[in-house]
Amino acid sequence: IQNLAADRYLLLPSAGAVLALAAALPERSERWAGLALAGALAWTTTLGILTWRQSAVWHDTVGLWRQTVTYEPMVVEGWRSLAGALVEQGRHRDAESVLSAGLSQHPGAPQLLQGQGSTRLVQGDLAGAEVALLAAIEAAPDLLKANNNLAIVYQRTNRLPEAIALMERTTQ
């Protein structure tokens, strides 16, 4: 399992644990069986309602990452992924706002600076993209996407020798 925090991977295996637990319980009178059935019904109803509410969050990528940022604001990946999902939907201004909010929580976070540079590049703001990408690379020189996007900025601003030198360093 690549991500133990993702509960969806554990739903099917948990059925085996529940069946094993049920099989291990001793037999009880009909009175206890009725109480157990009522308890199981209440528990199933509660979990069903919670699942129904959570399915609205799992419905789309933006909703999922927005909830991640709301409940886990200290996770940089949540901010970056939310911004990326917004960019995929063409919501560049919203992505910029998310990245700015993320950077206020995590000043100088290379992944967020890389996202900011990538978003600005998509919008055609080459100067803004260059500033953000340089800051990302300064903080984490091994960010391949930041290096690649900075090379694109150099190429689009007719600075081919800089683009070539950057990509040579990156590929080494």
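Modeller: Start with burial: a residue is buried under 20% relative accessible area, exposed over 50%, and partly exposed in between, with a 1.4 Å probe and protein chains only. This is a predicted model, in which local features need pLDDT of at least 70, side-chain atom pairs count only at pLDDT 80 or more, and totals for chains, interfaces and linings use all residues. Residues are numbered from 1 along each chain as its sequence is written, and side-chain values use heavy atoms, with hydrogens and water left out.

Colleague: Is Glu130 buried or exposed?

Modeller: Glu130 is buried, because its relative accessible area is 17%. Glu130 belongs to helix 7 (residues 126-139); helices here are DSSP runs of H or I with at least four residues, numbered from the N terminus.

Colleague: Which residue forms a salt bridge with Glu130?

Modeller: A salt bridge needs a side-chain nitrogen of Lys or Arg within 4 Å of a carboxyl oxygen of Asp or Glu. Glu130 forms one with Arg159, with the closest N and O atoms 2.7 Å apart. Arg159 sits in the loop between helix 8 and helix 9, so the pair ties together parts 29 residues apart in sequence. Arg159 itself is partly exposed, at 22%. Glu162 joins Glu130 and Arg159 in a network of salt bridges.

Colleague: What do the side chains of Arg80 and Glu77 form?

Modeller: They also meet in a salt bridge, 2.5 Å from N to O. Both residues lie in helix 4, 3 residues apart, about one turn of the helix. A further salt bridge joins Arg120 and Glu96 at 3.3 Å; that pair links distant parts of the chain, with Arg120 in helix 6 and Glu96 in helix 5, 24 residues apart. The structure holds 5 salt bridges.

Colleague: How should I read the nonpolar core?

Modeller: In soluble globular proteins, nonpolar side chains tend to be buried together. A nonpolar core is a set of buried Ala, Val, Leu, Ile, Met, Phe, Trp, Tyr and Cys residues joined through side-chain atoms within 4.5 Å. The largest one has 29 residues, and those with the most contacts inside it include Leu82, Leu86 and Ala146. Helix 4 gives the most to this core, with 6 residues.

Colleague: Which helices do the buried residues of helix 4 pack against?

Modeller: Contact means heavy atoms within 4.5 Å. The buried residues of helix 4 pack against helix 3 (61-71), helix 5 (92-105) and helix 6 (110-123).

Colleague: How many residues of helix 1 are buried?

Modeller: Of its 14 residues the number buried is 0, so helix 1 lies largely in the open.

Terms used
Helices (H or I, at least four residues) and strands (E, at least two) are DSSP runs, numbered from the N terminus.
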